[in-house]
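User: I have a model open here and would like to go through it with you. Could we begin with the overall fold?

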Amino acid sequence: MTQTLRVTLGQHSRGGVHGVNQDFHGAMLPLEPQRSSKGIAVALADGIGSSPVSQEASAAAVRSFLEDYYATSDAWSVRRSAQRVLGATNAWLHAQTMRSHARFDKDRGYVCTFSALVVKGREVHVLHVGDARIRSAILPVVIQPVVIQPAVMHPIPVPRFVDDAVRIV
């Protein structure tokens with residue numbers, strides 16, 4: 001007898017003290033055969049308070065991950081797919097910042113933290129860019145998170161989508 005993964009998902013977010021909700025979240029629950037080949041993905045991003053456009057960065061990071069991850073080759077691992085997608089997203093966000101008023105103050109640019117959880121088969125993959133973390137006491141597995149850090153460290157010791165490259169360590 002084949003067991004099928006069933007997922008129930010609920011999402012909620014509300015703005016903080018600044019009035020603007022800089023969070024963005026989403027999920028992709030594909031049908032077969034994509035569910036078997038790529039898994040189920042949940043992503044969330046959080047903008048930073050110093051940036052007037054970080055809510056746009058958060059939305060772009062989540063949307064691009066959920067759309068582009070499923071467009072990568074089925075032959076690629078979750079790690080390779082995520083690295084390619086997050087690298088492209090980071091490059092785009094960095095370019096938006098460099099074209100904007102924030103090119104000399106990156107903390108005012110298209111900056112956010114990002115986390116994703118991909119459930120594929122019997123594996124759970126947790127990805128982080130920045131100081132956001134996915135934690136759960138209800139997951140019945142030990143999760144070894146993959147932390148994605150900028151290739152060039154930002155002066156603030158918190159890696160985020162802010163520099164021109166990211167890498168999985």
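**Fold and confidence**

Analyst: Read along the sequence, this predicted model follows the pattern β-α-β-α-α-β-β-β-β.

User: How many helices and strands does the protein have?

Analyst: There are three helices and six strands in the protein.

User: And how confident is the prediction, as a mean pLDDT?

Analyst: The mean pLDDT of the protein is 79, with 73% of its residues at 70 or more.

User: Where is confidence lowest, and where is it highest?

Analyst: Confidence is lowest in strand 5 (residues 146–150), where the mean is 41. It is highest in helix 2 (residues 54–69), at 94.

User: Which residues stay under 50?

Analyst: Residues 137–159 have pLDDT under 50 throughout. For that stretch, the model has 53 contacts beyond four places in sequence.

User: Changing topic: what share of the residues is buried?

Analyst: Of the 169 residues in the protein, 41% are buried. The protein exposes about 9,700 Å², and carbon and sulfur atoms supply 54% of that area.

User: What about Val124: where is it found?

Analyst: Val124 belongs to strand 4, which covers residues 123–129.

User: Why does Val124 count as partly exposed?

Analyst: Because its relative accessibility is 24%, and buried would require under 20%.

User: How far is Val124 from Ile40?

Analyst: Their C-alpha atoms are separated by 9.6 Å, while the two residues are 84 residues apart along the chain.

User: What share of contacts with a separation of 6 or more joins residues 24 or more positions apart?

Analyst: Such pairs account for 53% of those contacts in the protein.

Technical notes:
Residues are numbered from 1 along each chain as its sequence is written. This is a predicted model: local features need pLDDT of at least 70, side-chain atom pairs count only at pLDDT 80 or more; totals for chains, interfaces and linings use all residues. Side-chain values use heavy atoms; hydrogens and water are left out. Helices (H or I, at least four residues) and strands (E, at least two) are DSSP runs, numbered from the N terminus. Buried means under 20% relative accessible area, exposed over 50%, partly exposed in between (1.4 Å probe, protein chains only). Contact means heavy atoms within 4.5 Å. Accessible areas come from the Shrake-Rupley method with a 1.4 Å probe; for residues, only the protein chains shown count as cover. pLDDT is the predictor's confidence in each residue, from 0 to 100.
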